[in-house]
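Please examine the sequence and the three-dimensional structure shown here.

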Amino acid sequence: MPEGKHILDQGKNRVFGTAKVGDRGQIVIPQEARRFYGISPGDTLLILGNEASGLVVTRPEILNNLADEILGKEEQQT
(Lines give C-alpha, C1' and ligand atoms only; values in the text may rest on other atoms or scores of the structure.)
Protein backbone atom coordinates (compact mmCIF):
# COMPACT_ATOMS: atom_id res chain seq x y z
CA MET A 1 0.00 0.00 0.00
CA PRO A 2 1.17 3.57 -0.54
CA GLU A 3 2.86 5.31 2.37
CA GLY A 4 0.38 6.81 4.85
CA LYS A 5 -2.48 4.58 3.70
CA HIS A 6 -1.84 1.58 5.92
CA ILE A 7 -4.06 0.18 8.64
CA LEU A 8 -2.62 0.15 12.14
CA ASP A 9 -4.37 -2.64 14.03
CA GLN A 10 -4.60 -1.96 17.75
CA GLY A 11 -6.95 -4.68 18.93
CA LYS A 12 -10.46 -3.32 18.65
CA ASN A 13 -9.19 0.13 17.64
CA ARG A 14 -7.87 0.82 14.15
CA VAL A 15 -6.29 3.75 12.37
CA PHE A 16 -7.19 3.81 8.69
CA GLY A 17 -5.24 6.89 7.66
CA THR A 18 -6.12 10.53 7.25
CA ALA A 19 -8.62 12.55 5.22
CA LYS A 20 -8.29 16.11 3.96
CA VAL A 21 -11.26 18.44 3.97
CA GLY A 22 -12.06 19.71 0.49
CA ASP A 23 -13.25 23.18 -0.52
CA ARG A 24 -16.87 22.13 -0.05
CA GLY A 25 -16.22 20.67 3.42
CA GLN A 26 -16.26 17.10 2.17
CA ILE A 27 -13.96 14.31 3.27
CA VAL A 28 -13.25 10.95 1.68
CA ILE A 29 -13.39 7.99 4.04
CA PRO A 30 -10.42 5.74 3.26
CA GLN A 31 -11.31 2.70 1.17
CA GLU A 32 -10.06 0.28 3.81
CA ALA A 33 -12.38 1.84 6.40
CA ARG A 34 -15.36 1.75 4.02
CA ARG A 35 -14.73 -1.94 3.35
CA PHE A 36 -14.16 -2.80 7.01
CA TYR A 37 -17.37 -1.07 8.15
CA GLY A 38 -19.46 -1.87 5.09
CA ILE A 39 -20.03 1.77 4.15
CA SER A 40 -21.48 2.23 0.68
CA PRO A 41 -22.30 5.29 -1.45
CA GLY A 42 -25.58 6.80 -0.28
CA ASP A 43 -25.28 5.54 3.31
CA THR A 44 -26.13 8.05 6.01
CA LEU A 45 -23.57 8.65 8.74
CA LEU A 46 -24.03 10.57 11.97
CA ILE A 47 -21.42 13.20 12.94
CA LEU A 48 -21.09 13.96 16.67
CA GLY A 49 -18.51 15.97 18.52
CA ASN A 50 -17.39 18.23 21.32
CA GLU A 51 -14.43 20.53 21.84
CA ALA A 52 -12.51 18.16 24.10
CA SER A 53 -12.92 14.90 22.19
CA GLY A 54 -13.27 16.04 18.59
CA LEU A 55 -15.50 14.34 16.04
CA VAL A 56 -17.08 10.91 15.90
CA VAL A 57 -18.48 9.45 12.70
CA THR A 58 -20.89 6.55 13.21
CA ARG A 59 -23.98 4.92 11.82
CA PRO A 60 -27.23 6.40 13.19
CA GLU A 61 -28.49 2.94 14.16
CA ILE A 62 -25.67 2.68 16.70
CA LEU A 63 -27.35 5.38 18.75
CA ASN A 64 -30.77 3.85 18.14
CA ASN A 65 -29.48 0.58 19.61
CA LEU A 66 -28.01 2.45 22.58
CA ALA A 67 -31.27 4.34 23.14
CA ASP A 68 -33.23 1.08 22.96
CA GLU A 69 -30.90 -0.43 25.57
CA ILE A 70 -31.26 2.56 27.89
CA LEU A 71 -35.02 2.87 27.46
CA GLY A 72 -35.47 -0.88 27.74
CA LYS A 73 -33.61 -0.89 31.04
CA GLU A 74 -35.66 2.09 32.25
CA GLU A 75 -38.92 0.31 31.41
CA GLN A 76 -37.75 -2.82 33.28
CA GLN A 77 -36.95 -0.75 36.40
CA THR A 78 -40.38 0.92 36.56
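What follows treats the charged side chains and then the aromatic ones.

The structure is a predicted model. Across the whole of it, a search finds 2 salt bridges. In one of them, Asp-43 and Arg-59 come together through their side chains, with 3.8 Å from N to O. This pair links distant parts of the chain, for its members are 16 residues apart. Asp-43 lies in the loop between α1 (31–37) and β3 (46–50), while Arg-59 lies in the loop between β4 (54–58) and α2 (60–77). Arg-59 also forms a salt bridge with Glu-61, at 3.9 Å from N to O.

The aromatic residues may be considered next. A pair of aromatic rings is described by the distance of the centres and the angle of the planes. The count comes to 3 aromatic pairs. One of these joins Phe-16 and Tyr-37 edge-to-face, with 5.8 Å between the centres and 70° between the planes. Here too distant parts of the chain are linked: Phe-16 belongs to the loop between β2 (13–15) and α1, Tyr-37 belongs to helix α1, and the two are 21 residues apart. Phe-16 counts as buried because its relative accessibility is 11%, whereas Tyr-37, at 44%, is partly exposed. Tyr-37 also pairs edge-to-face with Phe-36, at 4.8 Å centre to centre and 80° between the planes. Phe-16, Phe-36 and Tyr-37 form one aromatic cluster.

Conventions: Residues numbered from 1 in each chain as written. Heavy atoms only, no water. Salt bridge = Lys/Arg side-chain N within 4 Å of Asp/Glu carboxyl O. Helix = DSSP H or I, 4+ residues; strand = E, 2+ residues; numbered from the N terminus. Phe/Tyr/Trp six-rings, centres within 6.5 Å; stacked < 30°, edge-to-face > 60°. Buried < 20%, exposed > 50% of the residue type's maximum accessible area, 1.4 Å probe, protein only.
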